[in-house]
Amino acid sequence: ARHYGIPVIATYHTLFEEYLQHYARFLPASAVRALARSISRMQCNALTATIVPSNAMAERLRAYRVTTPMHVLPTGVSCERFVSPDRAASRARFRARHGIPDGVPLALFVGRVAHEKNIGFLIDALAHAHSREPGLILLIAGEGPAAASLRERAMASGCADRIRFLGYLDRGSELPDCYAAADIFVFSSRTETQGLVLIEAMASSLPVVALAEMGTRDLLETRRGAVVPPDDTAAFGAAMAQLATD
């Protein structure tokens, strides 16, 4: 591209400095962050322009001293894929498949089951939620490297019987039914560059309880389809219980 004078544009969708520390544990976290910032700055400054999915991502790259023009272009979601023509039937089908009675309140997380998703926070918050709504079940849909440690954390929490790990769900059939079956969507990642599953949940008519951090700040605002509690497991759990039974 340089040889022929062709403009080069790339998208920057991953907050590497926050992710790499979970997978390069043999290196000091500060060194991993510095390396990620340096490589990102070098790569982005070699471009004609950079596309980012949220304002928070643009702010972060400017803090890295990226000087090329940046354009905020959120990734789109095909909302019609998540709008069930018969929500009641989808809800009943999924709950029957997993042996969950219709009256049991369900909180749902969808995403990669990875350390940076902060899913352990949701498990801890569920314990607080149970003081107000002991019947609440947390569904965790997805696969990833943190699954084993999260299962252990669920056992230690005393709520293992109210937490279900669903594994990977087919996006064309199972996942829309799963969204339809839930009562609330929960999300506690602090490192999202956008948070597409939040849009999918809202498209599925699910109210959201989530932390507004990084890219999710562009999506989340209290009383606009979401409840945004403080970054505290007790407050988050109370919000889960209140909304799940509203």
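Me: Which residue follows H3, and is its phi positive or negative?
Reply: H3 is followed by Arg65, with a positive phi near 75 degrees. Helices (H or I, at least four residues) and strands (E, at least two) are DSSP runs, numbered from the N terminus.

Me: What sort of model is this?
Reply: This is a predicted model, where local features need pLDDT of at least 70, side-chain atom pairs count only at pLDDT 80 or more, and totals for chains, interfaces and linings use all residues. Residues are numbered from 1 along each chain as its sequence is written, and side-chain values use heavy atoms, with hydrogens and water left out.

Me: Back to Arg65. Where does it lie, and is it buried or exposed?
Reply: Arg65 lies in the loop between H3 and E3. Its relative accessibility is 55%, so Arg65 counts as exposed. Buried means under 20% relative accessible area, exposed over 50%, and partly exposed in between, using a 1.4 Å probe and protein chains only.

Me: New topic: H7. How many of its residues are buried?
Reply: 7 of its 8 residues, so H7 is mostly covered. The cover includes H4, E4, strand E6 (163-167), strand E7 (184-187) and helix H8 (196-203).

Me: At what angle do H4 and H7 pack?
Reply: H4 (residues 87-97) and H7 (residues 174-181) pack at about 100 degrees, with axes 8 Å apart. Axes are lines fitted to C-alpha atoms, for helices over the stretch in contact, and angles run from 0 to 180 degrees between N-to-C directions. H4 and H7 are therefore roughly perpendicular. The bands are: under 35 degrees roughly parallel, over 145 roughly antiparallel, 65 to 115 roughly perpendicular, the rest oblique.

Me: Which residues make that contact?
Reply: From H4, they include Arg87, Arg91 and Phe94. From H7, Glu174, Asp177 and Tyr179 are among them. Contact means heavy atoms within 4.5 Å. The contact has 5 nonpolar, 1 polar and 7 charged residues. Here Ala, Val, Leu, Ile, Met, Phe, Trp, Tyr, Cys and Pro count as nonpolar, Asp, Glu, Lys and Arg as charged, and the others, Gly among them, as polar.

Me: How many residues are in the largest nonpolar core?
Reply: 58 residues, with Leu108, Tyr179, Phe185, Val186 and Met240 having the most contacts inside it. Its largest share, 7 residues, comes from H5. Another core, of 12 residues, lies apart from it and includes Tyr12 and Met214. A nonpolar core is a set of buried Ala, Val, Leu, Ile, Met, Phe, Trp, Tyr and Cys residues joined through side-chain atoms within 4.5 Å.

Me: At roughly what angle do the axes of H5 and H6 cross?
Reply: The axes of H5 (residues 119-129) and H6 (residues 147-157) cross at roughly 15 degrees and come within 10 Å. That makes H5 roughly parallel to H6.

Me: Last one: Ala107. Buried or exposed?
Reply: Ala107 has 0% relative accessibility, so it counts as buried. Ala107 is in strand E4 (residues 106-110). Among the residues that Ala107 touches are Leu136, Ile184 and Met240.

Definitions and conventions
Lists of a residue's contacts leave out its neighbours within four places in sequence.
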